[in-house]
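Subject: A structure for you to look at

Hi,

Here is the structure I promised to pass on to you. Please open it beside this email, and then read on for what turned up in it.

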Amino acid sequence: MTLLSKIVNWARIKSPWIIHFNTGACNACDIEIIAALTPRYDIERFGILLKGTPRHADVLVCSGPVTRQTKDRLIRIYEQMAEPKFVVAVGTCACSGGVFRKCYNVGGGIDSAIPVSAYIPGCPASPKAIIDGVVKLLTSLEEKEATASKETVETKG
Amino acid sequence: MHSHDFQIPIGPQHPALKEPESFLLTMHGEKITSMTVRLGYNHRGIEKACEAQSYIQDIYLIERVCGICSHSHATCFIQAIEEIAGLAVPKRALYIRTLIAELERVHSHLLWLGVAGHEIGFDTLLMYTWRDREVVMDILALLTGNRVNYSMNTIGGVRRDITAEQKQEILKATDTLEERTKYYIQIATEETTIIKRLSGVGMLLYDDAVNLGAVGPTARASGVDRDIRRDDPYAAYGELKFNVITDKHCDVYGRAVVRVLELMESYKIIRQVLADMPEGPITVKAPRKIPAGEALSRYEAPRGEDVHYVKANGTDRPERVKVRAPTLANVQVVAHMLKDRYLADMPIVIAAIDPCFSCTDRLTSLRDSDSGSKNYMTWPALRSYSIEWHRKQGIDFSDLNKKFKVPGN
């Protein structure tokens, strides 16, 4: 790993900006995600900021089962994000479809539409679980991003 | 549409709206001339899923119609079942239901106050109210074991009792919250920035509120004196004393004032419930199979009147469940409130009805507005189509009609 990629990697891990997209959730996970950003849990101390557009975000935080109407939008939002990008599925519905698994309008979990890096179960996932999941993702990011940047360097060279 | 007019699509992913829904605004300069709402991104098919599961399983499903007012939906659904089955619910259970309902209202209104602050760029208010909201969340977690989706209800009563120590905790939390709410009342009535930003925005006059069928705090802020808790008492509300808050401002400011003052009423109700709660059992034994019949249940959710319709056919599964959430009644009003208003007011006007689109997305398309052709199936036609579809999959349901005599067939 070159010095430059080390610095880039360090900067990325210290400020992962997130975008939140509700793919058909019941709002419970959404309010818990917002609660994780507010003073009691204060996820901002990890450098995490909620952004409004997918183009500014590194991590896509999804809640809810993927309904037929949101599936295309979810893929579009994922494609709009800049590389390297990661997806976190918050809540049991986002992990597997949960109680809505067999509903006619539900396709399943987030991984039925886009690749997922971290799964946070719970109905709803509590802010504590969300923080735990995010920290685990950030820890794994150190290795993942290192390999990702190495590959890029090699291809360029 | 004039040649200078243009259209702005907003959503389904938009920073101001946390849920997927989309609005198409036709603009004339800075002013909105018309608005179309596109719902349905959150439609999961809960009503249909309810028909395939037993009543006890349905409670957990119905609770997940909406995560913010989960207790409202579960209680409303269970009230309908209890009416069909003719169950006499113990008084203590009714008081516990009322207690959870009011704690839920407190958390929902505090949440709204924060979101409203966020929409007008007053993020400090968001952080303040959400910090205080954690006090209610702690109490809900203490009583029910979960922060959201409490699973407190069961057919014929509630699942958990409340101990004397828990009562003390609730009273302590209520005192803290009351003090904080007084501060918010002071902000809402004295802070010039808030008053100037919210006054005159999203006007809804009394007549329009009645004609368009607004419900809940949205209607009460336009002077419509309507509250299911008082007008058609359910649970323990018939025995409690509280005021129905109304306001004459008819704008977003009025809606904020109504919600903040309703918080004070909720604290009053919580104290009364804790003082008057009778001793006794918390549940009666309910039959697994509910006798044939139908019932309509009404409930004053934090956002307004919630209506559930349940039709039973004598089995352990409902024949039909229909949910009419308060936002569906209020969402028509938004288009009216935004007409000839500025684009910059859109987020706060939409947020002011406290929309919950996961509650609302129950609909299927019934009529093509251009051709007027009705594109829906009758109940017997749908049933035979379903039997035919399953037969193609290798499952034979054709003897089901003989087994269960379905009224209307």
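Let's start where the two chains meet: 31 residues of chain A are in contact with 32 residues of chain B (in contact means that their C-beta atoms, placed from the backbone, lie within 7 Å). On the chain A side, strand 1 (17-22), helix 2 (28-37) and helix 3 (68-80) of chain A supply at least two residues each. Helix 2 of chain A gives the largest share, five residues. By type, the chain A side divides into 16 nonpolar, ten polar and five charged residues. Here Ala, Val, Leu, Ile, Met, Phe, Trp, Tyr, Cys and Pro count as nonpolar, Asp, Glu, Lys and Arg as charged, and the others, Gly among them, as polar.

A word on the source: this is a predicted model, in which local features need pLDDT of at least 70 and side-chain atom pairs count only at pLDDT 80 or more, while totals for chains, interfaces and linings use all residues. Residues are numbered from 1 along each chain as its sequence is written, and chains are lettered from A and ligands numbered from 1 in the order in which they are written.

Now for chain B by itself. It has 16 helices and eight strands (DSSP runs numbered from the N terminus: helices are H or I with at least four residues, strands are E with at least two). The radius of gyration of chain B, 23 Å, is close to the 22 Å that the globule rule gives for 409 residues, so chain B is as compact as a globular protein of that length. That radius is taken over C-alpha atoms, and the rule is 2.2 Å times the number of residues to the power 0.38.

Strand 6 and strand 7 (residues 304-312) of chain B pair over nine bridges. Among the bridge partners are Ala301(B) and, in strand 7 of chain B, Gly304(B).

Happy exploring!

Notes: Pairing = 2+ DSSP bridges.
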